[in-house]
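Please view the sequence and the structure below before reading on.

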Amino acid sequence: MTRAFITGIGGQDGSYLAEQLVAEGVEVHALAHAIEPLPDAPGVELHSGDLTDVDDVRSLLIDLAPDEVYNLAAMSSVARSWEKPDLTAQVNGMAAAALLESALLVQEKLDRPVRFVQASSAEIFGQPDRSPQDESTPVRPLNPYGAAKAYAHLMVEVYRRRGLHAVSAILYNHESPRRPEQFVTRKITSTVASIARGRADVLTLGNLDARRDWGWAPDYVDAMVRAARADQATDYVVATGVAHSVRDFVAAAFAQAGITDWEDLVVVDQEFVRPADPTELVGNATRARRLLGWSPTVGFDEVVQHMVEADLAAG
Ligand code: GDP
């Protein structure tokens, strides 16, 4: 039986990944962040701890001896990374390096392969010169989140050269009803639902012109599983290849809630405008299509639809 170890089980992707692996019959272990309430993760064996406690996590990994390691734990918000750049570096960067080393130790001790997937991010590209980006786009991050993820991304290559089946999945924005409201998509859909119910008057946002490639989170989790199990270890851009502006997302969400005249319901507040914000991030996932047989199954309009429906239903 395959045994997997997941960090970041409390997040959107961790929950979908655990569900997929449990459904496949994989024995799933996960690190549950000690200071947070235990996540509801049926079929998963939870181990309480903190990824930045390197020695504890290393002993745990050596005890468990997993076949697959998925490093999804992160300070996941770019906006918050400006407030906590040092913690972001520790969790998104250094802890990933330590986990790579732990995985290699397991591999060497047991003399059998360990497959490692790092949840990397389009933010490692910063403000790229070309669109769409692919695996050869220069890594040039612009914010503390991207810089820390870039370090982890580079360390994946370092460990791959040391013989670990280490893969970096360069994930573009991926959404679902499980997305926390600190992300723009969920902030939009939950506020639009509140406006539709007469419980809120306005939607307050930052940069409406930013363009992002928004996909469906369960698709991206599936790409990570495929990458773990592929014959070849390499990096993969995981994206839909289609960019939309924040304004497009707002319009689609209001339309989904049956509101056509929305312009006066949206207020721009400088508080939500970031010191540096990539104008457009859109990915070319040709390699993932070719080598992993992966393609997105849910497009932009359906992502918005699922999220607005869920928020309206939550009432
Ligand atoms: P990110 O791409 O990982 O940073 O995901 P977010 O969902 O946090 O942000 C996506 C884009 O929406 C960025 O370009 C933000 O600048 C933009 N944006 C505009 N208004 C807001 C807002 O009120 N909250 C957030 N989180 N992002 C906003």
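## Ligand site

In this predicted model, a polar backbone atom of Val-184 lies 2.8 Å from an oxygen atom of the ligand.

## Basis of the values

Residues are numbered from 1 along each chain as its sequence is written, and side-chain values use heavy atoms, with hydrogens and water left out. Because the model is predicted, local features need pLDDT of at least 70 and side-chain atom pairs count only at pLDDT 80 or more, whereas totals for chains, interfaces and linings use all residues.

## Two domains

The protein is assigned domain 1 (3-174 + 217-238) and domain 2 (176-212 + 242-281 + 298-313); such bounds come from an automatic or database domain assignment. Taken over C-alpha atoms, the centres of domain 1 and domain 2 are 27 Å apart. Their contact (heavy atoms within 4.5 Å) involves 23 residues of domain 1 and 16 residues of domain 2.

The size of an interface is often given as the accessible area lost when the parts come together. Between domain 1 and domain 2 the buried area is about 1700 Å², with 48% given by carbon and sulfur atoms. This area is the accessible area (1.4 Å probe) that two parts lose on being put together, summed over both.

## Links across the interface

How many salt bridges are counted between domain 1 and domain 2? The count is 1 salt bridge, a term for a side-chain nitrogen of Lys or Arg within 4 Å of a carboxyl oxygen of Asp or Glu. The side chains of Arg-178 and Glu-19 form a salt bridge with an N to O distance of 3.1 Å.

On the side of domain 1 that touches domain 2, α1 (12-23), α3 (78-81) and α7 (217-229) each supply at least two residues. The largest share, 4 residues, comes from α1. Helices (H or I, at least four residues) and strands (E, at least two) are DSSP runs, numbered from the N terminus.

## Other features

In the whole structure, 17 salt bridges are found. Arg-229 and Glu-24 form a salt bridge, with their closest N and O atoms 3.0 Å apart. Arg-229 belongs to helix α7 and Glu-24 to the loop between α1 and β2 (27-33), so this pair ties together parts that are 205 residues apart in sequence.

Two loops hold backbone features. The peptide bond from Ser-131 to Pro-132 is cis, with omega near -5°, and Pro-132 is in the loop between β5 (115-121) and α5 (144-161). Ala-65, although not a glycine, has a positive phi of about 45°; Ala-65 is in the loop between α2 (54-64) and β4 (68-71).

Note on methods: A polar contact is a pair of N or O atoms within 3.5 Å; within protein, one must be able to donate a hydrogen and the other to accept it, and residues adjacent in sequence count only if both atoms are side-chain atoms.
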